[in-house]
Amino acid sequence: MKNIKKILVTIFCIISVSVFSRQIIPKPIDVKIGKGNFCLSGSTCIEAKNHPDLVAYLQAQIFTLTGLNINMLKSNPATVIQLVKDSNLKMAEEAYQLEINSQVCYIKAKTEKGLFYGIQSLLQLIPAKNLSKYQIPNQTIIDAPRFAWRGMMLDVSRHFFPKEFVKKFIDLMAMHKMNTFHWHLVDDQGWRIEIKKYPRLTELGAWREDGVDKPWNYFIYPSNDQSKK
């Protein structure tokens with residue numbers, strides 16, 4: 001009976017590690033699941049020094065996901081999210097360590113970039129449910145990017161997208177810890193970036209008429225059209 005219990009516990013631990021590590025995208029270097037849970041609620045507060053932008057970002061994202069208002073100034077908070085930046089930590093520039101116990105969720109990194117990616121992992125661990133309290137399993141995550149250049153391209157020259165779509169695209173890239181946005185703005189289908197010193201770039205090149213039977217420079221010099229001669 002004891003052996004069966006040990007086997008079941010082992011299987012449960014393996015499944016738990018597999019399930020919770022799959023919640024983090026990309027997959028972290030190492031995930032260790034502990035006992036108990038960290039409770040994210042309206043009684044949670046954030047502790048950080050000299051990182052107002054990161055705090056504001058984390059507050060906004062938690063509110064979007066859960067509707068909870070997580071502040072920095074709360075007396076006797078039930079749980080705490082603590083951002084710890086330490087330049088002496090022996091880790092890569094964009095690496096982070098996420099330590100979650102029942103009282104405190106530590107996000108540790110050498111740089112603000114690392115803290116930002118640690119925040120992304122924490123946000124991915126929040127259950128996608130409408131609750132007053134959110135249980136996040138206690139765990140330790142150690143992670144660092146495998147590649148220095150991690151990017152995606154958005155081609156707005158051939159396929160035009162509105163501003164809000166572009167902003168959402170960048171947000172999704174950040175959520176998946178990508179660090180390079182390749183914005184394809186210029187091609188023969190259209191010139192999509194305004195340069196005030198050269199207004200004719202957008203006056204002539206911001207759209208394209210059907211010129212399949214026209215010479216390459218027809219729209220710049222229409223008088224050179226040889227197709228009708």
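**Helices, rings and buried residues**

Trainee: In which helix does glutamine 120 lie?
Mentor: Helices are DSSP runs of H or I with at least four residues, strands are runs of E with at least two, and both are numbered from the N terminus. By that rule, glutamine 120 belongs to helix α3.

Trainee: How many helices and strands are there in the chain?
Mentor: This is a predicted model, in which local features need pLDDT of at least 70 and side-chain atom pairs count only at pLDDT 80 or more, while totals for chains, interfaces and linings use all residues. Residues are numbered from 1 along each chain as its sequence is written, and side-chain values use heavy atoms, with hydrogens and water left out. In the chain there are 5 helices and 10 strands.

Trainee: Is glutamine 120 buried or exposed?
Mentor: Buried means under 20% relative accessible area, exposed means over 50%, and partly exposed is in between, with a 1.4 Å probe and protein chains only. The relative accessible area of glutamine 120 is 2%, so this residue is buried.

Trainee: What does glutamine 120 touch, leaving out residues up to four places away in sequence?
Mentor: Contact means heavy atoms within 4.5 Å. With residues up to four places away in sequence not counted, glutamine 120 touches Tyr57, Ala174, Met175 and Lys177.

Trainee: Where does lysine 177 lie, and what is its relative accessibility?
Mentor: Lysine 177 is not a glycine, yet has a positive phi of about 65°. This residue is found in the loop between α4 and β8. Lysine 177 counts as buried because its relative accessibility is 6%.

Trainee: At what angle do helix α2 and helix α3 pack?
Mentor: Axes are lines fitted to C-alpha atoms, for helices over the stretch in contact, and angles run from 0 to 180 degrees between N-to-C directions. Helix α2 covers residues 52-66 and helix α3 covers residues 112-125, with their axes 11 Å apart. The packing angle is about 10°.

Trainee: Which word describes the direction of α2 relative to α3?
Mentor: Angles under 35 degrees count as roughly parallel, over 145 as roughly antiparallel, 65 to 115 as roughly perpendicular, and the rest as oblique. The angle of about 10° therefore makes α2, relative to α3, roughly parallel.

Trainee: How do the residues of the contact of α2 with α3 divide?
Mentor: From α2 come Leu54, Tyr57, Leu58, Gln61, Ile62 and Leu65, and from α3 come Glu112, Leu115, Phe116, Ile119, Gln120 and Leu123. Ala, Val, Leu, Ile, Met, Phe, Trp, Tyr, Cys and Pro count as nonpolar, Asp, Glu, Lys and Arg as charged, and the others, Gly among them, as polar. The division is 9 nonpolar, 2 polar and 1 charged.

Trainee: How many aromatic pairs does the structure hold?
Mentor: Rings of Phe, Tyr and Trp (its six-membered ring) pair if their centres lie within 6.5 Å; planes under 30 degrees apart count as stacked, over 60 as edge-to-face, and the rest as tilted. The number of aromatic pairs in the structure is 6.

Trainee: How far apart in sequence are the parts tied together by phenylalanine 169 and phenylalanine 181?
Mentor: These two rings form a tilted pair, 5.9 Å centre to centre with 50° between the planes. Phenylalanine 169 lies in helix α4 (residues 163-175) and phenylalanine 181 in strand β8 (residues 180-184), so the separation of the parts in sequence is 12 residues.

Trainee: Which residues form the aromatic cluster?
Mentor: Phenylalanine 181 also pairs with tryptophan 183, and that pair is tilted because the planes are at 35°, with the centres 5.5 Å apart. Phenylalanine 169 is buried at 15% relative accessible area, phenylalanine 181 is partly exposed at 26%, and tryptophan 183 is partly exposed at 40%. The cluster is formed by Phe161, Phe165, Phe169, Phe181 and Trp183.

Trainee: What is the relative accessible area of serine 157?
Mentor: Serine 157 sits in the loop between β7 (151-155) and α4. Not counting residues up to four places away in sequence, serine 157 touches His184, Leu185, Val186, Asp187, Gln189, Gly190 and Arg192. Serine 157 is buried, and its relative accessible area is 0%.

Trainee: What is the relative accessible area of asparagine 50?
Mentor: Asparagine 50 is in the loop between β2 (44-47) and α2. Its phi is positive, about 60°, although asparagine 50 is not a glycine. Asparagine 50 is exposed, with a relative accessible area of 72%.

Trainee: How many disulfides does the structure hold?
Mentor: A disulfide is a pair of cysteine sulfur atoms within 2.5 Å. Cysteine 39 is buried at 18% relative accessible area, and cysteine 45 is buried at 2%. The number of disulfides in the structure is 0.
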